[in-house]
Each structure stands twice: as C-alpha cells, then as structure tokens.
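Student: Could we go through this structure together, one piece at a time?

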Amino acid sequence: MSRVYNFSAGPSCLPEEVLKECAAEMMDCNGTGQSVMEMSHRSSAFEPIIEHAEAQIRKLMNVPSNYKVLFVQGGGSTQFAMVAQNLGINRKKAAYIETGVWAKKAAAEAKHLGVEVDVIASSKDKNYSYIPRVEKVSGDYDYVYVCFNNTIMGTHYEYIPETGDIPLVADMSSCILSEEIDVSKFGLIFAGAQKNLAPAGVTLVIVREDLIPEPEKCLPGTPTMSMYKTHSENGSMYNTPPCYTIYVLDKVLNWIEKNGGAKGINKLNVEKAEYLYNYLDNSEFYHATTEKGSRSLMNVPFLTKYSDNDGSEEAQAKEKAINAKFVKEAEAAGLVNLKGHRLVGGMRASIYNAMTMDGVKALVKFMEEFAKNN
Ligand SMILES: Cc1ncc(COP(=O)(O)O)c(C=O)c1O
C-alpha cells in the first residue's frame, strides 16, 4: 500500500525517515535484543535515550541553562491545570489572551482551580480569525497566558507580548520547533508532542527554574504528579515515562537537526505555507479564513465560494455538500484528514514540519482540479 499525504491536525504525519528507522529497530534496538517498547525505563539501554532527547531540545531550542526541560504526560490539557496549580499561587490572578478554543479552555481550567482570570484581549469579535495586538502587559498577575498557535482557528503570534517581570506562559503545542524562538522571553513553554514532535503520549515543558514552586506552595490539593518539582527533581522519571514516544521524539529531533534545526525547518515551513496561502489568496473559488499578519504556518483553514451565501437552508446545504465532496474526493486522491473544524467550517490543511512540499503541491493541484469541476 502506498502512503497518503496526511493533513491531520494531530496526531499527525511523522517524517518517513523516522518511521523507517523505528521499523528497523522494532525487534532489536541498538543490539539490546529488545524493542524500546519492552525496555525498563530505569535500564542502561533507555536512560541514554531520554537524556539525548533532553539534550537535543536544549540544543535545537537554545534553552538557557536556568530552564528545566521536562517530559510529562496528560497532554496539553493537563498543562492548562498545572500552569495554574504551580504558577497561579501568589496573587492567584492571571491574565489570558483569548484567541480561540484552546486559550479559552486553559482560562476555564485556571478559573476552576480558583485563580482569578482577567481576559485582557480577545479576537472573539471576528471569530478568532486574528491575534490581538497586546504590546505591553502590566498588573498584579502571577502570569500572562497565550496560545501561540491556534490549531483550530489557524492563527499564530507574529510578536511576543512584552510582560516585564510577569512570567509569560505559552502553549506551543501546534508550532513547537517549527520556528526559532527566544526561550528566555518566556517563563514557561509547553507543547503536546503529537503534532510536530512525536506520537501522542508526551508533553514537553520548558520552565524557568525559579518558577518551579516547592510542593507546599502549589495550590491546595495539587497532586504530586501535577507539581513541576516532582518531574524536575527526578529527571522526568518520577514514574514510568512514555518510553517509546520519547524514543520517537529523539529521532524526530535528530531529523530536525539534519534539516537545519529550527531555522532550516522554518525556512521549509515558510515555503510550504506561502505556496498554499498564495494559491488561496489568488483563487476565486477558495479563501483563507485568517487575517494576514496572524496566519499560522502550521494550520491553514479555508472555505469555498459557497460559504458566501445568504444563510438560507438551501445555500447552507449546498455549502455543506461541497465541503463533504471535497473531503471525500481528496481522500480518494490520497490526501486525508482535510475536514475543517466545525467552529470554522470548510477545510483545514495542517502542514506540520513533517509534511513535505510535495504533499502541499499535491494538495494545491487537487484544489485546482476540484475548483474547475465545481
Ligand atoms: C494548541 C493546543 N493546545 C492544547 C491542545 C490539547 O492537547 P491534548 O489533546 O494533548 O490535551 C491542543 C489539541 O489539539 C491544541 O491544539
């Protein structure tokens, strides 16, 4: 069977080279006679793998030495709580910039845990199709929270809000290592791995050491597993880590390094995204849903001309039918997972690091044909 081009928002495609290596080592990794799936996490075979993965993150992201790199479980959603439990502890007040579903969920979780949430800016007025400009934040906040790349809405910060002494927290689940980032501008960065780094199961946390509280300082009732200290003191091995996912992560990091690191990968990402956005911006049949200046390189939602309708039942049914037809015919052509999120409608192409330019060109070629026929 031939492989498809997978435009899934996550879990998503992985570099073929990495998958082949994993396959080759499935029965015997590094002469151990075992798969990494079978290894004890405390073994001399596994420990170098997690250590190397951490070293690669430090190298590729140029992580300053006063930051901890942690591998934890529970996905991005658990970080929504852990950020509040570990950082929202002094003034019990935080500022959130509302840019769509994932930022809202994070704010709701903080509120749920008793942290007062100030929504200091929002792009709700235009269905989150842009990133609000917040140049400077001040106030008695424990932290300022942003979702750096909004997977559903397809928006991305092209600037870093200036927060002075207030730690800036960023959810980079869908843009981690897709670009160069100055880690020192952030107090904490987290990212679920299942889009740009690995299969699902591990979440990367990069946190400035002085922000990691002593256990008794965390919000009351914080479980041991939800304290950053637990993971930082135990080299991310307080309990059994997702060993196989970390092994694949390490291979993906090596692949990123081979492709020029964050800088080299970013160049390829810009080329891919420009190719697709240029096509959308010049098309009479399709249009992108996001504003220029806020566009994600990773997630590209788009609608067809049938979305500009009078809202009648008939017109809406026609639009729905066209979208369904697009997704079905694309799938038959080997281009999968292009259905848009219900909050935006239409289609969404997620073109993470591992998506090739060939994949993006194949998509645009299909789109051209579809537009001609419909
Ligand atoms: C930006 C962002 N943050 C958080 C999440 C939630 O991640 P998880 O499913 O790992 O909890 C997602 C999921 O797609 C996401 O796109």
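Student: How far is the polar side-chain atom of T151 from an oxygen atom of the ligand?
Tutor: In this predicted model, a polar side-chain atom of T151 lies 2.4 Å from an oxygen atom of the ligand, which falls under polar contact, a pair of N or O atoms within 3.5 Å, where within protein one must be able to donate a hydrogen and the other to accept it, and residues adjacent in sequence count only if both atoms are side-chain atoms. Local features need pLDDT of at least 70, side-chain atom pairs count only at pLDDT 80 or more, and totals for chains, interfaces and linings use all residues. Residues are numbered from 1 along each chain as its sequence is written, and side-chain values use heavy atoms, with hydrogens and water left out.

Student: And which residues come nearest to the ligand?
Tutor: Of the 13 residues around the ligand, the nearest are S77, T151, D171, Q194 and K195, where a residue is near if one of its heavy atoms lies within 4 Å of the molecule or strand in question. The side chain of Q194 has an N or O atom 2.9 Å from a ligand oxygen atom, while for G76 a backbone N or O atom lies 3.0 Å from an oxygen atom of the ligand.

Student: New topic: how is the chain divided?
Tutor: There is domain 1 (16-258) and domain 2 (261-373), with bounds that come from an automatic or database domain assignment. The contact between them, meaning heavy atoms within 4.5 Å, takes 28 residues from domain 1 and 24 residues from domain 2.

Student: Which residues form a salt bridge between domain 1 and domain 2?
Tutor: The count between the two domains is one salt bridge, defined as a side-chain nitrogen of Lys or Arg within 4 Å of a carboxyl oxygen of Asp or Glu. K126 pairs with E291, their closest N and O atoms being 3.4 Å apart. Side chains of opposite charge can pair when their charged atoms come close.

Student: How many salt bridges does the whole structure have?
Tutor: A search of the whole structure finds 17 salt bridges, and one of them joins the side chains of E54 and R58 at 3.1 Å, N to O.

Student: Where do E54 and R58 sit?
Tutor: Both belong to helix α2 (residues 47-60), and because they are four residues apart there, about one helical turn separates them. Helices (H or I, at least four residues) and strands (E, at least two) are DSSP runs, numbered from the N terminus.
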